[in-house]
Amino acid sequence: MPTPSLAALPIRRLTPRDRTACADLSEDRGWPREEHKWGFLLTAGKGYGIDDPDGGLVAACVVTEYGRRDRPALGAIGMVLVAEQHARRGIGRRLMRHVVADMGTTPLTLHATPYGRPLYEELGFKVTGRAEMVRGHFSPGGPEPRTGTRAATAEDLGSILRLDEEVFGTDRTHIVTRLPAFADQLRVAEENGRITGYAAAWPNMDTHVVGPLIARDTETAQALIASLAAHTDRRLRTDIDVRHEELLAWAKERGLASVGSNAVMTYGVTELPGDWTRRFAPVTVAAA
């Protein structure tokens with residue numbers, strides 16, 4: 001039988017069973033396999049993919065929705081990938097058009113690499129910010145943080161959820177409640193019995209990714225990063241909103257070097273909801 005044209009191949013919903021195929025696609029494009037992250041995203045979000053008649057995937061992406069299930073307040077698009085042998089043939093554009101149409105009136109956001117940004121601009125996304133990725137072995141130094149931190153407990157979950165919704169601007173229960181199983185560490189900052197911030201460190205290849213990072217102020221964010229670093233031998237990696245200049249400078253002074261940046265883009269909304277002054281880093285750039 002003749003091989004169908006790429007334009008005729010159907011776009012289908014992916015499931016957690018597609019994790020290995022998605023990781024294979026990542027590897028095909030020179031990305032880390034990131035199976036742990038793929039599993040998290042395919043469980044918490046909606047995956048879209050195009051099957052290759054010869055096996056594997058031609059393309060894939062994931063959308064993580066926030067807010068009410070029947071009427072999401074925001075959708076975050078990530079992990080947009082097209083197999084190398086099928087690149088530059090309009091498949092990514094077709095997949096993204098499908099996703100945007102499928103999301104209807106839901107506002108969208110994504111972190112765009114310089115390579116992907118022209119496509120997203122063509123589709124109507126606008127640049128509204130930037131996140132800088134820093135990575136390295138954390139070296140303690142300087143004054144000890146005055147903010148107290150500790151490992152989160154099950155009893156903290158309600159307070160963490162309330163703080164997260166206040167700062168992020170919409171409900172993320174399905175993400176936050178998965179963090180204890182997804183992350184190796186989940187820690188909170190506390191003052192007078194009140195939680196003023198929280199952060200997770202989850203495993204990604206040979207690093208621990210710090211995210212989400214929600215904190216009352218820069219000092220609290222510093223205390224949380226330092227406490228996470230104190231409990232791992234791995235390099236840390238995180239994606240910090242560039243408006244948090246003080247935290248970025250502090251992280252670099254402690255051994256985390258800049259390794260790149262992504263443009264934060266939105267569609268259907270001029271800025272992200274919530275309080276950016278307390279939102280320092282996303283759980284992952286693939287899920288805002």
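**Reading helix contacts and pockets**

User: Is the crossing of α8 and α9 left-handed or right-handed?

Analyst: A crossing is right-handed if the near helix is turned clockwise from the far one by less than a right angle, and left-handed if anticlockwise. The crossing of α8 and α9 is right-handed. This is a predicted model, in which local features need pLDDT of at least 70 and side-chain atom pairs pLDDT 80 or more, while totals for chains, interfaces and linings use all residues. Residues are numbered from 1 along each chain as its sequence is written, and side-chain values use heavy atoms, without hydrogens or water.

User: At what angle do the axes of α8 and α9 cross?

Analyst: Axes are fitted to C-alpha atoms, for helices over the stretch in contact, with angles from 0 to 180 degrees between N-to-C directions. Those of α8 and α9 (residues 245-253) cross at roughly 30° and come within 10 Å. This makes α8 roughly parallel to α9 (under 35 degrees; over 145 is roughly antiparallel, 65 to 115 roughly perpendicular, the rest oblique). Helices (H or I, at least four residues) and strands (E, at least two) are DSSP runs numbered from the N terminus.

User: Which residues of α8 and α9 meet?

Analyst: Contact means heavy atoms within 4.5 Å. From α8, Thr218, Ala221, Gln222, Ile225 and Ala226 meet Glu246, Leu247 and Trp250 of α9. This contact has five nonpolar, two polar and one charged residue (Ala, Val, Leu, Ile, Met, Phe, Trp, Tyr, Cys and Pro are nonpolar; Asp, Glu, Lys and Arg charged; the others, including Gly, polar).

User: How do α1 and α2 pack?

Analyst: Helix α1 (residues 19-28) packs on helix α2 (residues 35-44) at about 130°, their axes 9 Å apart. The two are therefore oblique to each other, and their crossing is right-handed. Arg19, Thr20, Cys22, Ala23 and Ser26 of α1 meet Glu35, Trp38, Gly39 and Leu42 of α2. By class, four of the contact residues are nonpolar, three polar and two charged.

User: How much space lies in the largest pocket?

Analyst: On a 1 Å grid over the protein atoms alone, a pocket is an open set of points with protein on both sides within 12 Å along at least five of seven lines, unlike a cavity, where a 1.4 Å probe fits but cannot get out; lining residues have an atom within 4 Å of a point. Points are joined across faces, edges and corners, and the volume is the space filled by probe spheres set on them. The largest pocket holds about 1,200 Å³. Of its 44 lining residues, Trp31, Val80, Leu81, Thr113 and Tyr115 lie nearest the centre. Elements giving two or more residues include α3 (91-102), β6 (126-136) and β12 (257-267), while the largest share, six residues, comes from β4. The lining has 20 nonpolar, 13 polar and 11 charged residues.

User: Which element gives the most to the lining of the second largest pocket?

Analyst: Helix α8 (residues 218-229) does, with six residues. The second largest pocket holds about 470 Å³, and 25 residues line it, with Phe138, Pro143, Pro145, Ala226 and Trp250 nearest its centre. By class, 10 lining residues are nonpolar, nine polar and six charged.

User: Which peptide bond is cis?

Analyst: The bond from Gly211 to Pro212 is cis, with omega near 0°, and Pro212 lies in strand β10 (residues 207-215). As for phi, Asn192 has a positive value near 50° although it is not glycine; this residue sits in the loop between β8 (185-191) and β9 (194-204).
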